[in-house]
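I opened my notebook to look through one structure, piece by piece. Come along and check each entry against the picture.

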Amino acid sequence: MAKTKSAFFCQSCGAQSAKWIGNCPSCNEWNTYVEEIIQGEGDKKTPGISAKSQRANTPHLINEITFSSENRIEIQDKELARVLGGGLVPGSIVLFGGEPGIGKSTLMLQLALKENKLKVLYVSGEESEQQIRMRAERIGYSNPNCYILTETSTQNIFKQIETLEPNILIIDSIQTLHTAYIDSSPGSISQIRECASELLRFAKESSIPVFLVGHITKDGNLAGPKILEHMVDTVLQFEGDRNHVYRLLRSQKNRFGSTNELGIYEMQGSGLREVNNPSEILITTRDEQLSGIAISATLEGVRPLLIETQALVSSAAYGTPQRSSTGFDLRRLSMLLAVLEKRCGFKLGIKDVFLNIAGGLRVDDPAIDLGVVCAILSSSEDIAISPKVCFAAEVGLSGEIRPVTRVDQRILEAEKLGFEEIFISKYNLKGLPKAGIKIHAVSKVEDVFEQLFG
Ligand code: TYD
Ligand code: MG
């Protein structure tokens with residue numbers, strides 16, 4: 001029998017140590033070391049499949065390496081395909097994280113059921129076959145080539161794969177897997193790491209794309225060591241409030257595409273529906289005009305989105321005025337308030353200011369600045385902004401209106417959605433194609449207010 005050997009692993013970063021230590025030298029976290037049983041290195045056979053991985057590779061000249069640029073696997077789910085960078089890359093390994101109950105299993109099963117030209121193997125360690133079947137009934141798609149396997153041992157999974165030869169493999173979830181080569185319990189750092197590396201080897205050798213569903217911890221990080229994120233090609237995150245119907249799919253890392261793409265889904269009784277025109281859901285249609293609302297034309301990745309900003313400015317009830325913001329950086333809000341105070345003479349220092357980005361989104365695009373500023377002033381002065389007006393510009397520290405990237409796309413989207421006027425920076429005017437929407441080119445915050453409120 002092999003001699004059992006144990007080591008201590010940091011549960012936060014996966015660093016290994018021979019003895020217990022209180023403060024992890026690699027990630028600086030406290031009290032994260034836990035003892036796990038590992039097997040003696042000498043007994044460790046190469047797990048996973050085949051002896052192929054044992055073969056030594058030889059170097060090749062980069063120009064002699066053959067590749068085909070357009071060999072991505074097309075997938076039916078357009079939102080997912082876009083976030084992945086335009087389809088699934090063969091042999092890629094995608095880590096898909098999200099809070100419990102957000103809809104990870106639903107999205108993965110939906111993917112398996114929609115790809116009716118491909119053979120998909122959905123491995124579940126969390127739910128029974130009956131449960132998955134029931135969910136499939138709810139979703140309503142059907143794929144004659146979708147196989148369900150309830151299994152948690154990687155060796156057994158590889159055995160099944162050899163006979164089945166699927167085109168896509170989905171593992172739900174990586175925390176439930178265990179490999180026979182390591183003795184510690186499923187979900188521990190060393191198991192997660194070893195199972196993931198077996199799957200990684202499998203994906204690279206077989207060119208089968210693999211989706212790994214991963215849990216996230218209370219503080220929003222992917223459970224398991226950071227090393228998991230380093231190993232995989234793509235890290236996707238499924239976000240949203242469980243009490244809201246909208247779910248956002250973001251990529252945090254992508255070796256095959258941009259990371260600033262955004263996918264939007266709506267959770268319905270029959271699974272997740274792709275939201276192809278998000279601007280329509282992000283802007284509330286209302287009959288009466290209300291003060292404190294401004295619409296900004298922002299970009300999420302390459303996707304133009306019109307987003308509603310709501311502000312409420314009221315006299316401070318206590319000595320220290322409150323500033324609160326949802327979906328927008330609080331420090332940036334303070335900066336914009338300071339600009340308004342200093343450059344435009346609005347006395348906001350004695351007011352409470354609340355800001356909210358509608359739809360539960362978080363916006364980092366600086367082009368939302370002008371919309372934020374206008375929403376605040378609209379609320380402060382109690383004058384409504386016409387719902388046909390939108391904004392796309394950054395505000396500088398001296399109150400200057402700065403240009404933003406890809407303004408033509410923003411204008412086009414605003415025009416498409418029926419807006420009649422847009423405020424942009426005057427430095428953005430150069431080379432702008434003619435648009436059917438009235439463009440206000442402004443250079444200072446004061447000009448905007450003059451044109452807006454007269
Ligand atoms: P699930 O995919 O099980 O979440 P995860 O795998 O991320 O833990 O999603 C479960 C939630 O989704 C559950 O609360 C019910 C809801 N849901 C719907 O609203 N409609 C549906 O069609 C399905 C399948 C689930
Ligand atoms: Mg699940």
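These are my entries, beginning with the ground rules.

**Ground rules.** I am looking at a predicted model, where local features need pLDDT of at least 70, side-chain atom pairs count only at pLDDT 80 or more, and totals for chains, interfaces and linings use all residues. Residues are numbered from 1 along each chain as its sequence is written, chains are lettered from A and ligands numbered from 1 in the order in which they are written, and side-chain values use heavy atoms, with hydrogens and water left out.

**Entry: around the ligand.** Which residues come nearest to ligand 1? I found Gly101, Ser105, Thr106, Gln268 and Gly271, out of 15 residues around the ligand; a residue is near if one of its heavy atoms lies within 4 Å. I sorted this shell by class and got three nonpolar, eight polar and four charged residues. In this sorting, Ala, Val, Leu, Ile, Met, Phe, Trp, Tyr, Cys and Pro are nonpolar, Asp, Glu, Lys and Arg are charged, and the others, Gly among them, are polar.

Next I asked which elements supply the shell. α2 (104-114), α3 (129-139) and β11 (262-268) each give at least two residues, and α2 gives the most, with three. Helices (H or I, at least four residues) and strands (E, at least two) are DSSP runs, numbered from the N terminus.

**Entry: polar contacts of the ligand.** I looked for N or O atoms within 3.5 Å of each other. A polar side-chain atom of serine 105 is 2.6 Å from an oxygen atom of ligand 1. Taken alone, ligand 1 exposes 560 Å², and the protein buries 75% of that (Shrake-Rupley method, 1.4 Å probe).

**Entry: the nine-stranded sheet.** I traced an open sheet with mixed pairing in the order β6-β5-β7-β8-β4-β9-β10-β11-β12; two strands pair if DSSP finds at least two bridges between them. β6 (146-150) and β12 (271-274) are the edge strands, each pairing on one side only. Neighbouring strands are turned by 25° against each other on average, direction ignored. Six bridges join β4 (93-98) to β8 (210-215) in the parallel sense, and isoleucine 93 stands opposite valine 210.

**Entry: the seven-stranded sheet.** This open sheet is also mixed, and its order is β15-β16-β14-β13-β17-β20-β21. Its edges are β15 (323-326) and β21 (438-442). Helix α8 (330-344) lies across β15 and β16 (351-357), at about 125° to β15. Contact here means heavy atoms within 4.5 Å; axes are lines fitted to C-alpha atoms, for helices over the stretch in contact, and angles run from 0 to 180 degrees between N-to-C directions.

Entry: Most residues other than glycine have a negative phi, and most peptide bonds are trans. Where did I find a cis bond? The bond from aspartate 172 to serine 173 is cis, with omega near 5°, and serine 173 sits in the loop between β7 and α5 (189-206). Serine 207 has a positive phi, near 60°, and is in the loop between α5 and β8.

Conventions: A polar contact is a pair of N or O atoms within 3.5 Å; within protein, one must be able to donate a hydrogen and the other to accept it, and residues adjacent in sequence count only if both atoms are side-chain atoms.
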